Structure formats: structure tokens, C-alpha cells
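Morning, everyone. Have a look at the model first.

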Amino acid sequence: MSEIKIAVIRGDGVGPEMIGPALELLKSVGRLWDHDLKLDIVPACGETIESCYDPLPEESLKRCKEAKAVLFGNSGLEKYRKLPLDKRPEHALLSLRRELKVTTNIRPVSIYRELSQLSPLKERQIEKGVDIVFVRDIVGGVLCSPKFCSTGTGGREAYEREYYNEKIVLDTADIAFRLAEGRRGRLISLDKANVLESSRLWRKSVSQVGSRYPQVALTHCFIDTAAMRLIAEPWEFDTVVTSNLFGDIIADEGAQITGTPRLYASAEISAAGAAIYTPNQLHEADESLIGKDLVNPIGMIQAAALMLKLTFGLKEEAEALNQAVARVLEAGYSTRDLMLPGRTLVGTRQMGELIEKELEKIAAEGAAEKGEETV
């Protein structure tokens with residue numbers, strides 16, 4: 001029996017509704033595969049803003065640091081938008097990133113054949129399959145640099161620095177190569193080395209790490225070329241690694257070409273193993289969905305599956321959860337955002353229940369093959 005200790009921040013808005021089915025499925029994983037599951041529901045975001053004007057109190061942070069992983073639900077409501085950043089719900093995530101020293105963002109995306117009509121791509125681009133993992137540095141580049149504002153000869157001016165050092169690149173590149181090694185053995189690194197000195201450092205450093213992974217085929221590509229190729233030839237991409245700003249953009253492009261961006265997970269991990277798992281679309285803007293059993297929980301469920309695989313090394317359990325999701329979608333069930341003619345509309349809770357039933361079937365099938373009994 002292995003221990004699965006998770007800190008859970010439910011978030012606010014649609015966050016608690018989304019994370020509910022994921023937690024129930026984690027409980028099923030613990031029961032079906034005989035794991036010691038420990039879920040610590042940690043108060044944060046809107047809940048603690050209301051009680052103590054702090055989106056992540058010290059005690060909540062302490063509990064997150066004691067867990068092996070943090071499962072973080074959607075957060076951010078319009079009523080908090082005018083508060084100072086350090087008092088808004090999203091600051092809880094920013095604080096966690098800093099305190100857990102996460103360095104790298106991971107976003108897997110794929111196209112489910114039964115939902116391919118939702119993709120803006122043509123059938124000839126989808127037929128060869130789309131299955132990509134985007135790996136992005138999240139500690140370097142302009143997004144994390146000091147901000148400068150002043151007045152110059154052209155009037156008001158503002159600028160940041162595209163700063164990188166070898167360690168930042170090496171940390172993320174090593175994670176990317178390990179992921180590529182466990183997939184199809186292909187890694188493409190994106191940069192702008194033809195014009196940026198920071199990209200030249202990026203390219204040299206990624207190549208340096210590549211020498212330790214001879215079984216992974218490494219190629220380099222300019223970011224603008226890659227952005228075009230991702231639409232024209234998405235099947236050519238397997239594992240992608242790139243810098244903070246470039247990754248922020250191209251990972252969103254990758255999610256959107258599927259037509260189903262709410263189905264995917266996002267992980268933020270450190271070289272030391274700390275990790276935060278969220279849905280790909282972390283900040284759900286549509287507050288009209290709150291409390292109506294309409295929001296799609298699959299992105300949060302996929303985050304739980306990704307957590308089982310990457311943090312706890314439970315590949316069989318993670319694959320079973322992914323397969324359960326795929327079976328339910330293949331059977332024609334959809335939440336409102338995925339509706340197509342001929343599909344069956346279900347709510348948030350029912351989607352979770354359907355996936356749980358399929359998970360139980362998969363566990364039973366696996367046990368039967370091994371000659372075991374399921375609980």
C-alpha cells in the first residue's frame with residue numbers, strides 16, 4: 001500500500017464544482033488499487049479572503065508544503081478584481097509557485113476522435129493523430145523579470161528583460177527530455193536563436209542536456225515557424241520544450257487547435273519534486289455557470305491523473321483514469337461545452353459518476369487479467 005498525500009485547494013467560482021468529481025475519482029483509485037489516500041482540504045482563495053483578507057494564510061501554505069502535491073481548483077471572481085494583487089485569489093497560486101520553487105510547466109493535449117468536429121483543423125490534419133506535451137520554463141524570461149517604467153525621448157516607456165541563465169534552461173530541459181524518453185522519443189526545442197542572444201544560450205543549453213539522452217531525437221525550430229507548423233502539421237509534434245513567453249503562447253495554441261481546451265491538465269513542477277496540478281483553463285471567466293452543475297470537470301480530472309503519474313509514479317492508475325474519460329466521451333456523453341448533434345448532455349456531477357463507473361470496470365478488467373479481485 002502506497003501513501004498518496006495531497007493538499008487540495010478547491011478555489012472559488014466554479015472551482016469547488018470542478019474539483020468535486022476529481023476528488024471522488026481519487027478516492028476510487030485509492031480503494032480500487034489499495035492506496036492510502038490522504039486528502040487535506042486546505043482553505044485558500046476567496047474563502048480566506050473573506051475570513052482574514054489573505055488568499056493563502058501561513059497555516060495553509062504550511063499544509064501545502066507538507067503534502068507531496070497540490071491539486072488546485074479554478075479561482076478568481078470579478079468581485080476581487082479591484083483588490084491589490086496580493087489580496088486576490090490568484091495570488092494564492094503565485095505564492096505557491098514561489099514557495100514550492102516550481103520551475104517547469106507541463107501541458108499535454110490531444111484530440112479525441114469523437115470530438116474532432118470541434119477542432120478548427122481539417123480532417124486531413126487530424127487523421128494522423130494529435131498528441132503533444134508542451135514543456136515550458138516558468139522562472140525566466142520577460143514574464144518573470146523586473147518591470148521598468150520611465151519617460152524617454154519618445155514619451156512614456158516600459159520594458160522588461162528577456163533574462164536566462166544556464167541553470168534555468170537545464171532544469172526545464174532535463175524534465176522535457178525525461179518526458180520525451182517516456183513517450184515517442186522525440187523532442188523539439190523552440191527559440192528565436194537567429195536574433196536573440198537569450199535564445200542562443202537556450203539552444204546551446206538544451207543541446208548540452210541532449211547529450212545525456214542519446215535515445216531522444218532532438219531538433220531545434222524557430223518559434224514563429226513552429227507556430228505555423230503546429231497548425232499545418234500537428235502530427236509532427238511530440239514533446240515540445242521552450243522558454244516562458246514562447247511557451248505561454250504556443251501551449252495555448254496547442255490547446256485551442258483541439259477545439260476542446262477544457263479537457264486538459266496543467267502541471268507545475270520543480271526539480272526537487274514539488275508540484276502543483278490544475279486544469280489547463282485555470283481561470284474560468286464565465287461566472288454564470290456557478291452552482292448550476294454545468295461546468296466541465298474533465299480538465300480537473302485529467303490534472304488528478306497527471307498528478308498520479310508524475311508525482312506518485314502510479315502509471316497504471318493514471319492510464320486507467322485517462323481511459324475511463326476516453327470511454328465516456330466515446331460513448332457520446334458531453335457537458336454543455338462539448339455538445340454536438342447526437343451526443344448526450346450531462347452535468348458536472350453525472351460526468352464524474354460516469355467516469356467513476358468506467359474506472360471501476362477498467363480496474364476489474366485489470367484484476368481479472370492478473371487473477372485478482374477488486375475491492
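Start with the term: rings of Phe, Tyr and Trp (its six-membered ring) pair if their centres lie within 6.5 Å; planes under 30 degrees apart count as stacked, over 60 as edge-to-face, and the rest as tilted. By that rule, this structure holds three aromatic pairs. I'll take two of them.

Phenylalanine 148 and tyrosine 159 are stacked, because their ring centres are 5.0 Å apart and their planes sit at 15 degrees. Phenylalanine 148 belongs to strand β6 (residues 148-152) and tyrosine 159 to strand β7 (residues 155-159), so this pair ties together parts eleven residues apart in sequence. Strands here are DSSP runs of E, at least two residues; helices are runs of H or I, at least four; both are numbered from the N terminus.

Buried or exposed? Buried means under 20% relative accessible area, exposed over 50%, partly exposed in between, with a 1.4 Å probe and protein chains only. Phenylalanine 148 is partly exposed at 30%. Tyrosine 159 is partly exposed too, at 40%.

Next, tyrosine 164 and tryptophan 202. Centres 5.5 Å apart, planes at 75 degrees, so the pair is edge-to-face. Tyrosine 164 is in the loop between β7 and α6 (166-181), tryptophan 202 in helix α7 (residues 197-210), so parts 38 residues apart in sequence are tied together. Tyrosine 164 is buried, at 8%. Tryptophan 202 is buried, at 2%.

Now the caveats. This is a predicted model: local features need pLDDT of at least 70, side-chain atom pairs count only at pLDDT 80 or more, and totals for chains, interfaces and linings use all residues. Residues are numbered from 1 along each chain as its sequence is written, and side-chain values use heavy atoms, with hydrogens and water left out.
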